[in-house]
Amino acid sequence: MSTLDKVILWRNPDGTVRATYFIREAMKNDETEDQFIERQVDYLRKSHSDFTDLRTFPSTKEDITDQLQKPKGHWERLRMDPDGTLKIDETIKTKEEVRLEKKQGAIDKLKAIGLSDDEINAMLR
Amino acid sequence: MAYTGLATINYKDPLTTIWMNSVKENFDDMAENRCFKAWINFNGSGAVSAHASFNIASVTYNALARYTFIFTSSLTNTYYGFWGMGRNTGVNHTVFSYCESGWANSVTTGHVDTEWNDQDGGQRNASRGTFCVMGGKGGPGL
């Protein structure tokens, strides 16, 4: 069981990226990898209106891994230029980072009104 | 459904068409109603990879915690059951999947769009997840 190294990237209008990965064993006997990929891409375009007009860019799992292993590499910071160049936008805060900032802000406010760490932890559980 | 016909044959009795048809009927029932129609065990963080799967042709990572699974062979209808469960190792939370109802046609005979959340309702990728589909015979009122 394996996933093809080839990946199709979809560029959303805002520069965010979707990625489609392919299961090798799902290929038909007389089908090449490219034909299999094309069949899956066609299906996504026909079944999902939000895919229909997106541009696709052939890529590899290695390309994606290279980006995600950069400092601050994260899917939520992965962006694609219109020419298909992948990059990490370090200025973007992930949803988890925003959540943790809000949590810390709430903790600071609770401490300011005199709650102890134990009381705050009990509230957060 | 009760198993039929199988008790009527004894050891070393010759196989008959009736008995073999009975076996097939029971097998078809198991395949239709009691077996998984599709499943995948996958790593959904970073570059997605499948560790093992059945009847899944592709996985699309749409955005944080949102995956689309396309079946290799389409199912006969959309009255199947499905669920996913996994772990997000980043925050060490268990994650669960549900149908992404915000999309049109998110549960079809050809694919399922899913979103994965943790116990607090936060969207989380499945660092290691399993997604399963089973049943689906019949339909409304059956």
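First, conventions. Residues count from 1 along each chain as its sequence is written, and chains are lettered from A and ligands numbered from 1, in written order. As the model is predicted, local features need pLDDT of at least 70 and side-chain atom pairs count only at pLDDT 80 or more, while totals for chains, interfaces and linings use all residues.

Now the sheet. Eleven, written 11, strands form one open, antiparallel sheet. Strands are DSSP runs of E, at least two residues; helices are H or I, at least four; both are numbered from the N terminus. Two strands pair if DSSP finds at least two bridges between them. The order is S3(A)-S1(A)-S2(A)-S3(B)-S4(B)-S7(B)-S6(B)-S5(B)-S8(B)-S1(B)-S2(B). S3 of chain A and S2 of chain B each have a single partner strand, so one side of each lacks a neighbour in the sheet.

Where do the chains join? S2 of chain A, residues 17-22, meets S3(B) through four antiparallel bridges. Phe22(A) has Ser58(B) as its bridge partner.

Next, the contact. Contact means C-beta atoms, placed from the backbone, within 7 Å. Chain B gives 26 residues and chain A gives 23. On the chain B side, S3(B) gives the most, with eight residues.

Last, the helices. H1 of chain A, residues 33-47, lies across strands of both chains, at about 130° to S2(A). H3 of chain A, residues 61-68, lies across S1, S2 and S3 of chain A, at about 85° to S3(A). Those angles run from 0 to 180 degrees between N-to-C directions, with axes fitted to C-alpha atoms, for helices over the stretch in contact.

Conventions
Two residues are in contact if their C-beta atoms, placed from the backbone, lie within 7 Å.
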